[in-house]
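Subject: Structure handover

Hello,

Below is the structure I said I would pass on. My notes on what was found in it follow.

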Amino acid sequence: MIQTSLHQDSLSALKDAFDGQGIVRIFNFLEPEAAHELSTHIAEKVAFKNAFFLNNQNREASDEEIANLSVEERRNLYRGIYQLAGQGTGFLYGRHKVSQDSDDVLTEFLSKLNETSCIDLIRDITGNKVVSHADAQVTRYRVGDFLTRHIDNIPGETRRFAYVLGLSPQWHPDWGGLLQLFEQNGTPTSSYMPVFNSLTVFDVNKVHSVTSVAPFSPQSRYSITGWFRA
Ligand SMILES: O=C(O)CCC(=O)C(=O)O
Ligand SMILES: [Fe+2]
């Protein structure tokens, strides 16, 4: 499923890129059939919950739960989320945790990601030998969804490197949903389009965001994301 047998030349190019920038991208990470199978499963079968930040809490609610709110409650919910986002805090996107014990294609992906060959590849590229395993969640950014600037390094957690596997076919850069990196002072630097079947790996201390998906985007931005952990 995962194409870990990179030619030495490409491995050393990936190492150099990571060394220089703390971020690297592996194109064609999965075998093409596996990427398509995952992408179809995600678009058709996954039950997402909307994750958002409100009243100082990370919260989740299904579309149905939000639809069942009164008009006023719903207005207040979005007003609260957008007010914080306007100040540079919070997020709104669909999320589904990948379980280790299901028998679907997502669980199969997670177990492949945790195979020695893949963990070794990440250790090689990053030069970090303490990475031992990875977790995974599926994310969906619909029109208007976003994730404001943050770092993934949470004290007391074992996250070392974040990853994002793009699973929306033929994304267009004008549709937003870009992984945007920043300098510590907030100046935007490079941005990464969610290219289908590319695995982007970056240091958890890098400041980043996911830009809002444009109102005219004909597709949602689907990915599998997570962390390689110690
Ligand atoms: O989806 C992405 O490109 C990044 C996601 C992210 O930053 C996160 O979930 O913490
Ligand atoms: Fe992040």
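**Glu60 and its surroundings**

Glu60 counts as exposed because 12 C-beta neighbours lie inside 10 Å; a residue is exposed if 12 or fewer other C-beta atoms lie within 10 Å of its own, buried if 20 or more do, and partly exposed in between, with C-beta atoms placed from the backbone. Glu60 sits in strand S3 (residues 57–61). Strands (E, at least two residues) and helices (H or I, at least four) are DSSP runs, numbered from the N terminus. Leaving aside neighbours within four places in sequence, Glu60 is in contact with Lys49, Asn50, Ala51 and Arg95, where contact means that the two C-beta atoms, placed from the backbone, lie within 7 Å. Arg95 is 35 residues from Glu60 in sequence, and their C-alpha atoms are 8.6 Å apart.

**What kind of model this is**

This is a predicted model: local features need pLDDT of at least 70, side-chain atom pairs count only at pLDDT 80 or more, and totals for chains, interfaces and linings use all residues. Residues are numbered from 1 along each chain as its sequence is written, while chains are lettered from A and ligands numbered from 1 in the order in which they are written.

In H5 (105–113), the residues Leu106, Phe109, Leu110 and Leu113 are buried. Seen down the axis of H5, these buried residues fall within an arc of 100 degrees, so they line one face of the helix; the arc is that of the directions from the helix axis to the C-beta atoms. They pack against H2, H6, strand S5 (133–134), strand S6 (137–141) and S13.

Helix H6 (residues 116–126) has Leu121, Ile122, Ile125 and Thr126 as its buried residues. Down the axis of H6 they fall within an arc of 115 degrees, so they too line one face. Thr116 and Ser117, on the other side of H6, are exposed. The packing partners of the buried residues of H6 are helix H1 (8–21), strand S1 (23–26), strand S8 (159–166), S11 and strand S13 (221–229). Gly127 follows H6 and has a positive phi, near 75 degrees.

As background, an α-helix has 3.6 residues a turn, so residues three or four places apart point the same way.

**The core**

The largest nonpolar core has 47 residues. Such a core is a set of buried Ala, Val, Leu, Ile, Met, Phe, Trp, Tyr and Cys residues joined through C-beta atoms within 7 Å. Phe109, Phe161, Tyr163, Leu165, Leu167 and Val201 have the most contacts inside this core. S8 gives the largest share of the core, 5 residues. Not counting residues up to four places away in sequence, Phe161 touches residues including Ile122, Thr126, Val201 and Phe228.

An unreviewed UniProt entry places the feature "domain: Fe2OG dioxygenase" at residues 132–230; the positions are given in the numbering used here, feature names are shortened, and annotations may be inferred rather than shown by experiment. That span is 0% helix and 47% strand, and its end C-alpha atoms lie 5 Å apart.

Around ligand 1 are Thr139, Leu147, Asp152, Val164, Leu179, His208, Val210, Ser223 and Thr225, a residue being near if its C-beta atom, placed from the backbone, lies within 6 Å. Strand S12 (207–210) and S13 each supply at least two residues of this shell. By class, the shell has 4 nonpolar, 4 polar and 1 charged residues; Ala, Val, Leu, Ile, Met, Phe, Trp, Tyr, Cys and Pro count as nonpolar, Asp, Glu, Lys and Arg as charged, and the others, Gly among them, as polar.

**Some loop residues**

Val98 is in the loop between strand S4 (91–97) and helix H5. Val98 is buried because 20 other C-beta atoms lie within 10 Å. Among the residues Val98 touches, not counting those up to four places away in sequence, are Leu106 and Leu110.

Val195 lies in the loop between strand S10 (188–192) and strand S11 (199–203), and is partly exposed, with 16 other C-beta atoms within 10 Å.

Two residues other than glycine have a positive phi near 50 degrees: Asn28 and Gln170. Asn28, in the loop between S1 and helix H2 (32–45), is partly exposed with 13 C-beta neighbours inside 10 Å. Gln170, in the loop between S8 and strand S9 (179–182), is exposed with 7 other C-beta atoms within 10 Å.

Regards
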